[in-house]
Amino acid sequence: MSIPIVRIVAELRSIVAAWRREGFKVAVVPTMGALHEGHLSLVRAALAKADRVIVTLFVNPKQFNSAGDLAVYPRTEHDDAAKLASVGTHILYAPDAADIYPQGFATTVSVAGVSEGLCGAFRPGHFDGVATVVTKLFLQTGANLAFFGEKDFQQLQVVRRLVRDLDIPIEIVACPTVREADGLAMSSRNTRLSAAERPSAPRLAEILFETAGRLSSGEPVERLLHEARQAILAAGFSRVEYLELRAGDNLALMATPGRPARLLVAAWLGQTRLIDNVEVESAQRSVQALKQAAA
């Protein structure tokens, strides 16, 4: 089984126009490739809600802060295409960088507010790159629905805001974070973990869930966040970039979880930067699920 791979936007638009004439609802799942089960879960969710599904594969240079990080980002188009074909994806759209950003390209989409702080503070310009390429992909695919994972929660909020502010006629569908059996949030970057580092990685999720559960029961925020940072470092992580309690809608800093809230973290394990987040209100249930899975 194979999947059509489209690289030119005019060809993609012609295919989508034909789908439209048949009355099909179209979904898009934007990715940078190196696909894993988390990505495929988004594709399955899209297939359940739409008649036709496009997965985009574009390693976006504008959202990398380091040329070295861009250079080592895994590029596995052949394997990605096989995985997408196996779940029934209709098209893989894999444009070249020169087509996304042609010579003289001079436009940047910048989303204030939700892009600030958290990853935005440590990766300057990252969310401008995300917002710019996502806007282009939405316009190129003309999709009715777009699917994003909650693991990249700040990114999700940036995309939601740009769609609302720019009146782009597309529905953003958020899907739960997919985790390994030991709780580690699935990420293409997990492949960078060494054999010695990998056993320590799940501790990030464990500490996050435990802290969120204690926050939801009313324990003091500042003390719990301090204890959690120390626990992450004790687990073998070299640095905690941030560990913060934020509002679930606009990512405003919160002193107490008095409304829907997210606990978000970024930390370095060796040379690998891991991010994760959990909804505070549902953390108690998640703690129990992780303990059962580990038993």
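**Figure 1. Pairing of strands β8 and β9 in the predicted model.** In β9, I275 is the bridge partner of A266. Helices (H or I, at least four residues) and strands (E, at least two) are DSSP runs, numbered from the N terminus. Strands β8 and β9 run antiparallel and are joined by eight bridges; two strands are said to pair if DSSP finds at least two bridges between them. The two strands form a hairpin with two residues between them, and G270 in the turn has a positive phi of about 65 degrees. The structure is a predicted model, in which local features need pLDDT of at least 70, side-chain atom pairs count only at pLDDT 80 or more, and totals for chains, interfaces and linings use all residues. Residues are numbered from 1 along each chain as its sequence is written, and side-chain values use heavy atoms, with hydrogens and water left out.

**Figure 2. Strand β8 and its pairing with β7.** Eight bridges also connect β7 to β8, and these strands run antiparallel. Within this pairing, A247 stands opposite A261 of β8. Eight of the nine residues of β8 are buried, so the strand is largely enclosed by the rest of the structure. Here, buried means under 20% relative accessible area, exposed means over 50%, and partly exposed lies in between (1.4 Å probe, protein chains only). Strands of a sheet pair through backbone hydrogen bonds, either parallel or antiparallel.

**Figure 3. The open sheet of six strands.** The strand order is β1-β4-β3-β2-β5-β6, with parallel pairing. Strands β1 (residues 5-6) and β6 stand at the edges with a single partner strand each, so one side of each has no neighbour in the sheet. Strand β5 (residues 145-149) pairs with β6 in the parallel sense over five bridges. In this pair, G149 stands opposite C175 of β6.

Figure 4. Helix α8 lies across β5 and β6 and runs at about 165 degrees to β6. Axes are lines fitted to C-alpha atoms, for helices over the stretch in contact, and angles run from 0 to 180 degrees between N-to-C directions. Q154 is found in this helix, which spans residues 153-165, and counts as buried at 5% relative accessibility. The side chain of Q154 reaches the backbone nitrogen of C119 at 3.0 Å. Such a polar contact is a pair of N or O atoms within 3.5 Å; within protein, one must be able to donate a hydrogen and the other to accept it, and residues adjacent in sequence count only if both atoms are side-chain atoms. Leaving aside neighbours within four places in sequence, Q154 is in contact (heavy atoms within 4.5 Å) with several residues, including E116, F127 and L251.

**Figure 5. The annotated position Q63.** The unreviewed UniProt entry places the feature "binding site" at Q63. UniProt positions are given in the numbering used here, feature names are shortened, and annotations may be inferred rather than shown by experiment. Q63 is in the loop between β3 (residues 52-57) and α3, and this residue is buried, with a relative accessible area of 9%. Not counting residues up to four places away in sequence, Q63 touches M32, R123, H126, G129, V130 and V133.

Figure 6. The structure holds 18 salt bridges, each a side-chain nitrogen of Lys or Arg within 4 Å of a carboxyl oxygen of Asp or Glu. D69 forms one of them with R192, the closest N and O atoms being 2.9 Å apart. D69 lies in helix α3 (residues 67-72) and R192 in the loop between β6 (171-175) and α9 (202-216), so this pair ties together parts that are 123 residues apart in sequence. D69 counts as buried at 17% relative accessibility, while R192 counts as partly exposed at 29%. Another salt bridge joins R179 to D276, with the closest N and O atoms 2.8 Å apart. This pair links distant parts of the chain, as R179 is in the loop between β6 and α9 and D276 is in strand β9 (residues 272-279), 97 residues apart. D276 is buried, with a relative accessible area of 4%.

Figure 7. R259 forms a salt bridge with D249, the closest N and O atoms being 3.3 Å apart. Both R259 and D249 lie in the loop between β7 (239-247) and β8 (261-269), so the pair ties together parts that are ten residues apart in sequence. R259 counts as partly exposed at 34% relative accessibility, as does D249 at 46%. Elsewhere, salt bridges that share partners join R214, E219, R223 and E227 into one network.
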